Amino acid sequence: MALASYAMDVGLSRGRRYPEPPHPYRNDYARDRDRVIHSRAFRRLEAKTQVFTTRYSDHFRNRLTHTLEVAQIARTVAGALQLNADLAEALALVHDIGHPPFGHAGERKLDELLRPHGEHFNHNLQALRIVEQIEQRYLDFPGLNLTFEVREGIVKHSRDYDAAKFPALAEYLLDERPPLEAQLIDFVDEIAYNTADLDDGYEAHLVTIEMICAEVPLFARFYEEVERNHPRDLEKLKFNEVAKRVLDYLATNLIENTCNAVGASGVQCVEDVRRAPRRLAGFGASVAAENGALKKFLQTRLYSNPVIFSDRESSVKALSQLFHFYLEHPEAMPKAYTELALHTPKHRVVCDYIAGMTDHYLLRLHAELCRTGF
């Protein structure tokens, strides 16, 4: 399919940090996608929390299955907009590899633990560290040696940065907007987790259809239609149909509103997109409000549910204790990390080691080291 003039043409990529010869039948963004999929950090997402830890059930989404759902929506939306679907897919697949154990709660705790050392933890910037430094797969260069546009999208897909406050990120054109493929990622991420978390919460019997309809007008509107046409069908199947319609509604609006914004802006090429006064991808105002109501419901009724909260808090406490243990006993880490801690700030090495762990591995180490001593 021909790309729109404002799509990112792989032939115009700024390339890789370490030059490589082209592949005979894969373009550079497709190669980036494949490198992400074959990375250890990507595989570990299978055992990292999305909302429910596997101690609650192994039927719910984990960070890996969530990522695959994001990638599917990203390809669909990018294709509908005639954007570069390979780039969008690569960005979707890499967008969460910087997440530590226990989801956003683990991210907040690591940020808290780094602050006394004058640093912060951000899963997007950690993803950049992973693809630039931590992953070691190749003889000729450190990291995955991804293209500039993928690395830029890792940094900038969900926010803009003040160039003065982030001098270490200066190469990523902080004064410019990212290409549209990167701008889409935060929105397709929201579509994926809002609908999936609603599904998992319903499956866990923590939220009911009555609760959702009372507080999420978008869901209630579709449920009324489904109930009218299928009054005798199983409730779960009716829920599934409504969730599908909500996802389709949000994705369709993202496509249509982004297309309208691009047309109204007059952009003709990627450089026009980069120089635009604001980001062009996004929902329309009314749909953004409807999506906001869904997010608020999930925050108050699911993420703050005592069942989820207590499981999350005990897990995060284990993360904190293990972090302090390794600060005092760096020799307890694997040899490569122990040696790295001899000439790299110890807190940073400990953070990188813990951030890469899966939920179960962290809890197992915590049980072995922090409860029984070393």
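Author: Two rings of Phe, Tyr or Trp count as an aromatic pair if their centres lie within 6.5 Å. The model discussed here is predicted.

Reader: How many aromatic pairs does the structure hold?

Author: The structure holds 12 aromatic pairs. One of them joins Tyr18 and Phe141, with 6.1 Å from centre to centre and 15° between the planes, and is stacked. This pair links distant parts of the chain, 123 residues apart. Tyr18 belongs to the segment before α1 (28-37), and Phe141 to the loop between α6 (123-134) and α7 (148-156).

Reader: Is Phe141 buried or exposed?

Author: Phe141 counts as buried because its relative accessibility is 8%.

Reader: Which two values describe a pair of aromatic rings?

Author: The distance of the centres and the angle of the planes describe such a pair. In the case of Tyr161 and Phe166, the centres are 4.9 Å apart and the planes stand at 85°, so this pair is edge-to-face; planes over 60 degrees apart receive that name. Tyr161 counts as buried at 5% relative accessibility, whereas Phe166 counts as partly exposed at 24%.

Reader: Which residues do ring pairs link into a cluster?

Author: Tyr202, Phe219, Tyr223 and Phe239 are linked into a cluster by ring pairs.

Reader: What lies over the face of Tyr138?

Author: Arg35 lies over the face of Tyr138, at 5.1 Å from the ring centre. Arg137 also lies over the face of Tyr138, at 5.9 Å from the ring centre.

Terms used: Residues are numbered from 1 along each chain as its sequence is written. This is a predicted model: local features need pLDDT of at least 70, side-chain atom pairs count only at pLDDT 80 or more; totals for chains, interfaces and linings use all residues. Side-chain values use heavy atoms; hydrogens and water are left out. Rings of Phe, Tyr and Trp (its six-membered ring) pair if their centres lie within 6.5 Å; planes under 30 degrees apart count as stacked, over 60 as edge-to-face and the rest as tilted. Helices (H or I, at least four residues) and strands (E, at least two) are DSSP runs, numbered from the N terminus. Buried means under 20% relative accessible area, exposed over 50%, partly exposed in between (1.4 Å probe, protein chains only). A charge sits over a ring if NZ of Lys or CZ of Arg is within 6 Å of the ring centre and within 35 degrees of the ring normal.
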